[in-house]
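The points begin with a single residue and then widen to the whole chain.

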Amino acid sequence: MQAGRLMSREWMVLAAFILVCFGAATVGSWFTTLSLEGWYADLRKPAWNPPNWVFAPVWSALYLMMAVAAWLVWRRSGFRGAPGALGLFGFQLLLNVSWSWLFFGLHSPSLAFTGIVALYAAIGATTIAFARISTSASWLMAPYLAWVTFAAGLNLAIWRLNG
């Protein structure tokens with residue numbers, strides 16, 4: 001019976017991490033959705049800008065991988081054993097949402113670029129902190145870091161083309 005309770009708790013914590021990550025995605029998408037048709041559509045973008053439909057599936061996969069990564073860290077160390085790593089995770093998630101607000105909410109590619117640089121640093125720090133606890137968790141963060149590298153370049157290009 002005890003093993004069943006532990007397994008049930010593990011699945012509940014995984015579900016909680018998934019809900020937190022997709023909750024952040026939902027908040028970010030509120031800012032994005034309001035600006036896609038008007039402001040964003042009117043911006044000049046580089047030729048290598050992906051079509052809008054690419055972003056939702058990519059971000060969905062990334063949020064799921066982030067949730068699993070955080071869960072693996074929790075599984076190995078618990079909340080008390082990894083407060084720094086999981087705190088960094090929460091911080092980078094807040095920066096992630098704030099980028100959507102800066103770029104799409106405030107219509108400010110320049111402020112958003114500053115935000116994405118901070119996000120990049122926070123993701124890097126989180127990935128390093130995760131690596132000390134779970135190699136698998138750090139590898140699950142790698143695609144996110146790669147995508148944000150691409151997104152930072154895209155953000156910079158849009159700023160330069162429209163600034």
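1. Thr126 is buried, its relative accessible area being 0%; buried means under 20% relative accessible area, exposed over 50%, and partly exposed in between, with a 1.4 Å probe and protein chains only. Thr126 belongs to helix 4, where helices (H or I, at least four residues) and strands (E, at least two) are DSSP runs numbered from the N terminus. Neighbours within four places in sequence aside, Thr126 contacts Ala85, Leu88, Phe89, Gln92 and Met141, contact meaning heavy atoms within 4.5 Å.

2. The model is predicted, local features need pLDDT of at least 70, side-chain atom pairs count only at pLDDT 80 or more, and totals for chains, interfaces and linings use all residues. Residues are numbered from 1 along each chain as its sequence is written, and side-chain values use heavy atoms, with hydrogens and water left out.

3. Leu88, one of the residues in contact with Thr126, is located in helix 3. Its relative accessibility is 27%, so Leu88 counts as partly exposed. Apart from residues up to four places away in sequence, Leu88 touches Ala125, Thr126 and Ala129. The C-alpha atoms of Leu88 and Ala125 lie 7.2 Å apart, although 37 residues separate the two in sequence.

4. On overall architecture, the protein has 5 helices and 0 strands, and the order of elements from the N terminus is α-α-α-α-α. The radius of gyration is 17 Å, close to the 15 Å from the globule rule for 163 residues, so the protein is as compact as a globular protein of that length. That radius is taken over C-alpha atoms, and the rule is 2.2 Å times the number of residues to the power 0.38. The C-alpha trace spans about 60 × 25 × 25 Å along its principal axes. Of the 163 residues, 42% are buried. Among contacts with a separation of 6 or more, 81% join residues 24 or more positions apart.

5. How do helix 2 and helix 5 cross? The axes of helix 2 (residues 52–81) and helix 5 (residues 135–162) come within 8 Å and cross at roughly 145°. Axes here are lines fitted to C-alpha atoms, for helices over the stretch in contact, with angles from 0 to 180 degrees between N-to-C directions. The crossing is left-handed, a term used if the near helix is turned anticlockwise from the far one by less than a right angle, with right-handed for clockwise. Helix 2 contributes residues including Val58, Trp59, Met66 and Val73 to the contact, and helix 5 contributes residues including Leu140, Tyr144 and Trp147.

6. By class, this contact of helix 2 with helix 5 comprises 19 nonpolar residues, 1 polar residue and no charged residues. Ala, Val, Leu, Ile, Met, Phe, Trp, Tyr, Cys and Pro count as nonpolar, Asp, Glu, Lys and Arg as charged, and the others, Gly among them, as polar.

7. The largest nonpolar core holds 48 residues, of which Phe17, Met66, Val73, Leu86, Phe103, Phe130 and Tyr144 touch the most other members. Such a core is a set of buried Ala, Val, Leu, Ile, Met, Phe, Trp, Tyr and Cys residues joined through side-chain atoms within 4.5 Å. At least two of its residues come from each of helix 1 (2–42), helix 2, helix 3 (83–105), helix 4 (109–131) and helix 5. Helix 2 provides the largest share, 11 residues. Phe17 touches Ala67, Ala70, Trp71, Trp74, Phe79 and Leu86, leaving out residues up to four places away in sequence.

8. Ser138 lies in helix 5 and is buried at 10% relative accessibility. Excluding neighbours within four places in sequence, Ser138 is in contact with Thr127, Phe130 and Ala131.

9. His107 sits in the loop between helix 3 and helix 4. Its phi is near 55°, a positive value in a residue other than glycine, and His107 is partly exposed at 37% relative accessibility.

10. Pro109, in helix 4, is buried at 10% relative accessibility. Residues up to four places away in sequence not counted, Pro109 touches Trp39, Phe103, Asn155, Ile158 and Trp159. Arg160 of helix 5, by contrast, is exposed, with a relative accessible area of 69%.
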